[in-house]
Amino acid sequence: QDMTEKELLKMELDQLKKEVKNERQMISKTGKELKEYIESMAGEDPLLKGVPEDKNPFKEKGGCMIS
């Protein structure tokens with residue numbers, strides 16, 4: 001992309017105008033909400049409890065034997 005400096009600055013300005021409209025929240029509030037959400041979903045998290053063998057699409061299939 002061969003953009004002039006003026007075009008790059010305009011793009012950056014447009015992006016900043018969009019970002020300034022975003023509602024901001026305190027990290028103390030959002031961090032607590034995020035922690036509560038993660039803890040409430042932990043029972044369904046396959047990274048924590050694993051995937052049942054019968055539902056694992058990546059499980060090893062039977063080996064190949066060459067005689």
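1. Charge. The chain carries 13 positive and 15 negative side chains. The centres of the two sets lie 4 Å apart. Lys and Arg count as positive, Asp and Glu as negative; His and the chain ends are left out. Each charge is placed at NZ of Lys, CZ of Arg, CG of Asp or CD of Glu.

2. Basis. This is a predicted model, in which local features need pLDDT of at least 70 and side-chain atom pairs pLDDT 80 or more, while totals for chains, interfaces and linings use all residues. Residues are numbered from 1 along each chain as its sequence is written, and side-chain values use heavy atoms, without hydrogens or water.

3. Fold. The chain has three helices and zero strands (DSSP runs numbered from the N terminus: H or I of at least four residues, E of at least two). The radius of gyration is 25 Å, well over the 11 Å that the globule rule gives for 67 residues, so the chain is more spread out than a compact globule. That radius is taken over C-alpha atoms; the rule is 2.2 Å times the number of residues to the power 0.38. The C-alpha trace spans about 70 × 40 × 15 Å along its principal axes.

4. Burial. Buried residues make up 0% of the chain (buried: under 20% relative accessible area, 1.4 Å probe, protein chains only). Helix α2, residues 27-41, has zero of its 15 residues buried, so α2 lies largely in the open.

5. Annotation. An unreviewed UniProt entry marks residues 3-33 as "coiled-coil region"; such annotations may be inferred rather than shown by experiment. In the model, this span is 74% helix and 0% strand. Its end C-alpha atoms lie 42 Å apart.

How values were computed. Buried < 20%, exposed > 50% of the residue type's maximum accessible area, 1.4 Å probe, protein only. Expected span 1.5 Å × (residues − 1).
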